[in-house]
Amino acid sequence: MPTAVFQEYLDALSDVATLADTVGTGDSFANNSSLIAFRGISITEVPVTYGLAFNDNISMGVNLKAMKATTYYHTKKIYNSDAEDLFEDFDANSEKSSDIGLDVGALYKAGPFRLGIVARNVNKPTFDARPADYEVDPQVRAGAAVRLWNRLTLAADMDLTENDTNISDDYKSRNLAVGAEVDLMFLSLRAGGYKNLAESDIGTVYTAGLGIDFYAFQLDAGVAWSKEEAEIE
């Protein structure tokens, strides 16, 4: 499937250049040296976690993470290129590097109420990449929850930072989410939604899910959908 997607991009770019060549502008089609650049990153984290309760109300925790990243960067000529070779070239032009990441969180609880905040990658771990090193920016998120009648939990949380995404350098993420969970013995039913406050493209995204908890066995499933569509350049 990814090969077909990349081939569609290559075909579309080729069509544009062919049209330009037929109207007699620019250099000849045969000498066209246009390039398309691909860049990506994959990060694996292995955390060691420590938590400390200062009293019955306040506790804190930290994650010290060993992080290993594989970064990819490759340019490919649009013409005389086979999309199937792209993935071989992609892997051949990858770089691997490691760093340490730090997450910090705090929780306040009073009766059925909970308030929490977490900051991820506060030390800005950095990995080798082309054409420039890749730095993971810190992310901060806060949330609150209340448990009613020992069956119903209401929760809300929000990003306090505007975060980069893998979609585009110009497309940001800052989500506000609300939700509810009903606990029915071994079965949990969930519903809620979230909205990206940094963008106004697809409006509210609705969510639903269920969980099955039977002693050592736990299964969770969820779906998310939006009534609107958006095309991102």
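**Terms and their grounds**

Mentor: At 2% relative accessibility, Asn121 counts as buried, because buried means under 20% relative accessible area, exposed over 50%, and partly exposed in between (1.4 Å probe, protein chains only). This is a predicted model, in which local features need pLDDT of at least 70 and side-chain atom pairs count only at pLDDT 80 or more, while totals for chains, interfaces and linings use all residues. Residues are numbered from 1 along each chain as its sequence is written, and side-chain values use heavy atoms, with hydrogens and water left out.

Trainee: What makes Lys65 and Asp103 a salt bridge?

Mentor: Their closest N and O atoms are 3.2 Å apart. A salt bridge is a side-chain nitrogen of Lys or Arg within 4 Å of a carboxyl oxygen of Asp or Glu, so the pair qualifies.

Trainee: Are the two partners, Lys65 and Asp103, buried or exposed?

Mentor: Lys65 counts as buried at 1% relative accessibility, and Asp103 counts as buried at 7%.

Trainee: How do you know that Arg190 and Asp220 form a salt bridge?

Mentor: Their side chains meet at 2.9 Å, N to O, and that value is within the limit, so the term holds. This pair links distant parts of the chain, with Arg190 in strand S12 (residues 187–196) and Asp220 in strand S14 (residues 217–226), 30 residues apart. Salt bridges that share partners also join Glu45, Lys65, Asp103 and Arg120 into one network.

Trainee: Which other residue forms a salt bridge with Arg190?

Mentor: Glu181 does, with the closest N and O atoms 2.7 Å apart. Glu181 is partly exposed at 23% relative accessible area, Arg190 is partly exposed at 29%, and Asp220 is partly exposed at 42%.

Trainee: How many salt bridges are found in the whole structure?

Mentor: The search finds 9 salt bridges.

Trainee: What is Ser173 in contact with, leaving aside its neighbours within four places in sequence?

Mentor: Contact means heavy atoms within 4.5 Å. On that basis, and with those neighbours left aside, Ser173 is in contact with Asp159, Thr161, Glu162, Asn163, Thr165, Asn196 and Ala198. Ser173 and Asp159 are 14 residues apart in sequence and 8.5 Å apart in space, C-alpha to C-alpha.

Trainee: What lines the second largest pocket?

Mentor: The lining consists of Arg141, Ala155, Ala156, Asp157, Ala177, Val178, Gly179, Ala180 and Tyr194. A pocket, on a 1 Å grid over the protein atoms alone, is an open set of points where a 1.4 Å probe fits, with protein on both sides within 12 Å along at least five of seven lines; lining residues have an atom within 4 Å of a point. Strand S8 (152–159) and strand S11 (175–184) are the elements that give two or more residues to this lining, and S11 gives the most, with 4 residues.

Trainee: How many residues of each class does the lining of the second largest pocket have?

Mentor: That lining has 6 nonpolar, 1 polar and 2 charged residues. Ala, Val, Leu, Ile, Met, Phe, Trp, Tyr, Cys and Pro count as nonpolar, Asp, Glu, Lys and Arg as charged, and the others, Gly among them, as polar.
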